[in-house]
Amino acid sequence: LQGGYSELNNLGSVQFKTGASLLRRLNIASNGDISFYEDNGTTAKFFWDASAERLGIGTSNPFYPLSVRNTSFATVAEFRTVDGTNNPGLEIKTSASGTTLAQVYSSGASANLILETNGAERMRITSSGNVGIGTTSPTKKLDIRGGDVTIYGGVDGYNADSEEVRLWMGNNNAHIGAMYN
């Protein structure tokens with residue numbers, strides 16, 4: 001090993017160290033756990049827990065199959081497409097069928113943020129800040145189309161759980177109502 005040092009200790013682990021002070025860079029434990037260390041060689045920042053089959057980035061104690069923790073920067077991760085589609089996204093799928101349960105992605109150069117569930121768009125935030133529910137082309141700050149809308153909230157002196165404002169369509173009539181229980 002040129003420019004570095006490796007050792008097999010009495011616990012069956014292999015360590016790779018570099019530099020004049022032999023800073024730890026990589027540790028492969030006898031149980032299969034693998035740790036990559038930060039620049040000062042003291043803290044594992046990329047960790048594979050072999051027995052739990054979990055990957056930790058920024059943590060040596062991953063709680064989920066992928067645990068990412070960050071204490072230095074506001075941005076935790078970046079997802080970028082390089083295939084020219086300009087549609088980077090994140091999908092949540094079932095394990096058995098591979099069916100997409102939810103999807104969040106950006107649509108092309110317009111940079112709309114789109115949220116989908118069950119294969120259908122449910123909400124869109126446009127690059128101008130308009131929010132659409134039930135529409136792919138929101139024209140107002142909040143544009144809700146199709147279905148009834150109920151808004152719950154509290155007013156000073158009233159119970160927030162028993163107050164609501166309803167906006168609905170029925171029998172070709174529009175209704176706006178307030179209820180206090």
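**E121 and R124 form a salt bridge.** E121, at 24% relative accessibility, counts as partly exposed, on a scale where buried means under 20% relative accessible area, exposed over 50%, and partly exposed in between (1.4 Å probe, protein chains only). The model is predicted, so that local features need pLDDT of at least 70 and side-chain atom pairs count only at pLDDT 80 or more, whereas totals for chains, interfaces and linings use all residues. Residues are numbered from 1 along each chain as its sequence is written, and side-chain values use heavy atoms, with hydrogens and water left out. The closest N and O atoms of E121 and R124 are 2.8 Å apart, a salt bridge being a side-chain nitrogen of Lys or Arg within 4 Å of a carboxyl oxygen of Asp or Glu. The side chains of R124 and E121 are also joined by a polar contact of 2.8 Å, that is, a pair of N or O atoms within 3.5 Å, of which, within protein, one must be able to donate a hydrogen and the other to accept it, while residues adjacent in sequence count only if both atoms are side-chain atoms. Side chains of opposite charge can pair when their charged atoms come close.

**R145 and D143 meet in a salt bridge.** Their side chains approach to 2.9 Å, N to O, and the count for the protein comes to two salt bridges. R145 is partly exposed at 41% relative accessibility, whereas D143, at 8%, is buried.

**Strands β10, β11 and β12 are joined by antiparallel pairings.** Strands (E, at least two residues) and helices (H or I, at least four) are DSSP runs numbered from the N terminus, and two strands pair if DSSP finds at least two bridges between them. Strand β10 (residues 112-117) is linked to β11 (residues 120-125) by five bridges, with L113 partnering I125 and L115 standing opposite M123. The hairpin of β10 and β11 has two residues between the strands, and N118 in this turn has a positive phi of about 50 degrees. Strand β11 pairs in turn with β12 (residues 131-133) over three bridges; R124, which lies in β11, has G132 as its bridge partner in β12. Five residues separate the strands in the hairpin of β11 and β12, where G129 takes a positive phi near 95 degrees.

**Strand β10 has a covered and an uncovered face.** N112, I114 and E116 belong to the covered face, while L113, L115 and T117 belong to the uncovered one. In a regular strand the side chains alternate between the two faces of the sheet.

**S35 and S13 are both buried serines.** S35 lies in strand β4 (residues 34-37) and counts as buried because its relative accessibility is 7%. Leaving aside its neighbours within four places in sequence, S35 is in contact (heavy atoms within 4.5 Å) with R25, L26, N27, A44, F46 and F47. S13 is placed in the loop between β1 (4-8) and β2 (14-18), and its relative accessible area of 9% makes it buried.

**A nonpolar patch on the surface includes V76.** F36, F46, I57, L66, V68 and V76 form this patch, with about 500 Å² of accessible area together. Patches are made of residues with over 30% relative accessible area and no salt bridge, like charges being joined within 9 Å and nonpolar side chains (Val, Leu, Ile, Met, Phe, Trp, Tyr) within 5 Å. V76 is found in the loop between β7 (66-68) and β8 (89-93) and is partly exposed, with a relative accessible area of 49%.

**The whole protein has 16 strands and zero helices.** Of its 181 residues, 20% count as buried, and its accessible surface comes to about 12900 Å², of which 54% belongs to carbon and sulfur atoms. Accessible areas come from the Shrake-Rupley method with a 1.4 Å probe, and for residues only the protein chains shown count as cover. Among contacts between residues at least 6 apart in sequence, 0% join residues at least 24 apart.
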